[in-house]
Amino acid sequence: MDHIESYLDQFADFELAFFYKYRLETYMEETQNLIKTYIKKRNLDETKMKALVEEYANMKFPDNELRCPRCKSQKLDVHKGSSFGFTTLDPIKYIEELIGYKDINSGKISFTCKVCDLDFPT
Ligand SMILES: [Zn+2]
């Protein structure tokens, strides 16, 4: 099963570190082993990943790009409307169109991080 590998290929090192911390245990054991093998191939280990998580958890960015508040990834799913029958939209497109923040604050739009699975705003 190399599906998980091609998925993880899209992740930067810090994203892998958060993925490992928050998502690993949501996978079946067999897949967890594939993930662990993949992480070794990327030259990461628990110590390096822990350092990345600590570094990114408190990182501030000077731009106004939309990022996951927890892991700072920009790999986000956008949900519009209620959780029943939501549509998943391209977040970048959303920001470009600047429909963003007013609707975010009123709860009409929410996001799920594809890396650490955080839903926000919560
Ligand atoms: Zn995240």
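Author: Let's start with one rule: a residue is buried if 20 or more other C-beta atoms lie within 10 Å of its own, exposed if 12 or fewer, and partly exposed in between, with C-beta atoms placed from the backbone. The model is predicted, so local features need pLDDT of at least 70 and side-chain atom pairs count only at pLDDT 80 or more, while totals for chains, interfaces and linings use all residues. Residues are numbered from 1 along each chain as its sequence is written.

Reader: Thanks! Why is Glu 54 called exposed?

Author: Glu 54 has 11 C-beta neighbours inside 10 Å, and therefore counts as exposed. Glu 54 sits in helix H4, residues 46–57. Its C-alpha atom is 9.6 Å from that of Cys 71, 17 residues along the chain.

Reader: And what makes Thr 31 partly exposed?

Author: Its count is 14 C-beta neighbours inside 10 Å, so Thr 31 is partly exposed. Thr 31 belongs to helix H3. The C-alpha atoms of Thr 31 and Ile 4 are 7.8 Å apart, though 27 residues separate the two along the chain.

Reader: Why does Lys 72 count as buried?

Author: Lys 72 counts as buried because 21 C-beta neighbours fall inside 10 Å. You can find Lys 72 in the loop between H4 and strand S1 (76–80). Lys 72 is not a glycine, yet its phi is positive, about 70 degrees.

Reader: Where is Asp 117, and what is its phi?

Author: Asp 117 lies in the loop between strands S3 (109–113) and S4 (119–120). Its phi is also given as positive, near 70 degrees, in a residue other than glycine. With 15 other C-beta atoms within 10 Å, Asp 117 is partly exposed.

Reader: How many helices and strands are there in the protein chain?

Author: There are 6 helices and 4 strands, which are DSSP runs numbered from the N terminus (helices H or I, at least four residues; strands E, at least two). From the N terminus, their order is α-α-α-α-β-β-α-α-β-β. Buried residues are 19% of the 122 residues in the chain.

Reader: Why are H2 and H4 called roughly perpendicular?

Author: They pack at about 100 degrees, with axes 8 Å apart. The class "roughly perpendicular" covers 65 to 115 degrees (under 35 is roughly parallel, over 145 roughly antiparallel, the rest oblique). H2 and H4 are therefore roughly perpendicular to each other.

Reader: Which residues of H2 and H4 meet?

Author: From H2 come Asp 13, Phe 14, Ala 17, Phe 18, Tyr 20 and Lys 21, and from H4 come Met 49, Leu 52, Val 53 and Tyr 56. Two residues are in contact if their C-beta atoms, placed from the backbone, lie within 7 Å. Phe 18 is one to look at: beyond its neighbours within four places in sequence, Phe 18 touches Val 53, Cys 71, Val 115 and Cys 116.

Definitions and conventions: Axes fitted to C-alpha atoms, helices over the stretch in contact; angles between N-to-C directions.
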